[in-house]
Amino acid sequence: MTIQWPAEAIWEAVSPLWPSFSVEVLPEIDSTNTELMRRARAGQLDPILLVAERQTAGRGRLGRDWKSDTAGEGGTLTFSLGVPLAPADWSGLSLAVGLAVVNALHPALRLKWPNDVWLDGRKLAGILIETAGVGDTRYAVIGVGINLSPREATDLRTPPAALQELLPGVQAPDVLGQVVPVLVRMVQRFAAQGFAPLREDFLARDLLNGQAVVCSDGVTGTARGVDASGALLVHTDQGLIKINSAEVSVRPAPPPATVS
Ligand code: BTN
């Protein structure tokens, strides 16, 4: 099946903001993030949107695999945006990107710190941000994977949600055209102003706020939103602590067992 991608429309929307911007769609690649990181290390540092109709070795946060279906017939939308960036402070970029995805898609979506997109207690989309280069200007590769149609994923702790539950019949090209211009504007805003002005918007979408949470480093407590740098605030027995490590994953605590 040939997929009609809105490459031209996206290029027209974004190139006034990023003059050397290009759009590339590949039928298959190991991972759009891996490919843009390879190119960046080889010196290709222009802004680009790379879309893959199929990824054979998709990657997630914390060294995990990211399994996805092909983009045709619903499936999964997988793309990466590569852009040179020099924000005064990088903290909170992943939260800003998650916010852009949620804002672009549907008001029912929520963000699970730092940047997972959830629907009704299940993960709908994941974001992987990597950077290459040295100095003030680094090349950021922002990878986004969005589940469009319901799929089997017995290997996942939480079964995935699908965007078609909210938007019946929605297809990968529509979603790409909806998300990318919003994401580009968000990246520009973040580069200019950082995360602090986005904090209130994040809190309005924050899935964990007020919930009992368990962190992968053993910390347990109640999530209390994020600070102006995007660090997760957790109220613990030892007081309020900040979690800002990208290496830590956080999940809602399981409900206490009932004794009958
Ligand atoms: C996560 O949830 O842990 C992040 C998943 C990120 C998946 C996307 S799909 C496009 C891009 N290419 C990859 O290999 N990963 C990201």
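Reader: How many residues sit between E10 and E11 in the hairpin?

Author: E10 and E11 form a hairpin with 2 residues between them. Strands here are DSSP runs of E with at least two residues, helices are runs of H or I with at least four, and both are numbered from the N terminus. This is a predicted model, where local features need pLDDT of at least 70 and side-chain atom pairs count only at pLDDT 80 or more, while totals for chains, interfaces and linings use all residues. Residues are numbered from 1 along each chain as its sequence is written, and side-chain values use heavy atoms, with hydrogens and water left out.

Reader: How many bridges join E10 to E11?

Author: Strand E10 (residues 232–236) and strand E11 (residues 239–243) run antiparallel and are joined by 5 bridges. Two strands count as paired if DSSP finds at least two bridges between them. Thr236 stands opposite Gly239 in E11.

Reader: And which sheet order are they in?

Author: The order is E11-E10-E9-E8-E12, an open sheet of 5 strands with antiparallel pairing. E11 and strand E12 (250–252) stand at the edges with a single partner strand each, so one side of each has no neighbour in the sheet. On average, neighbouring strands of this sheet are turned by 45° against each other, direction ignored. The axes are lines fitted to C-alpha atoms, for helices over the stretch in contact, and angles run from 0 to 180 degrees between N-to-C directions.

Reader: What about E8 and E12?

Author: Strand E8 (residues 212–215) pairs with E12 in the antiparallel sense over 3 bridges. Cys215 stands opposite Val250 in E12.

Reader: Other sheet now. What is the strand order, with 7 strands?

Author: E1-E2-E3-E7-E6-E5-E4, open, with mixed pairing. The edge strands are strand E1 (22–26) and strand E4 (110–112), each pairing on one side only. The twist averages 20° from one strand to the next.

Reader: Which helices lie on it?

Author: Helix H3 (residues 93–105) lies across E3, E4, strand E5 (116–119), strand E6 (122–132) and strand E7 (138–147), and runs at about 135° to E6. Helix H4 (residues 172–193) packs on the sheet as well, touching E2, E3 and E7, and its direction makes about 25° with that of E3. Contact here means heavy atoms within 4.5 Å.

Reader: Ligand next. Which residues come nearest?

Author: Ser31, Gln55, Arg59, Arg61 and Lys123, of the 20 residues around the ligand. A residue is near if one of its heavy atoms lies within 4 Å.

Reader: How much of the ligand does the protein bury?

Author: 98% of the 410 Å² that the ligand exposes when taken alone. Areas come from the Shrake-Rupley method with a 1.4 Å probe; for residues, only the protein chains shown count as cover.

Reader: Which element gives the largest share of the shell?

Author: E6, with 4 residues.
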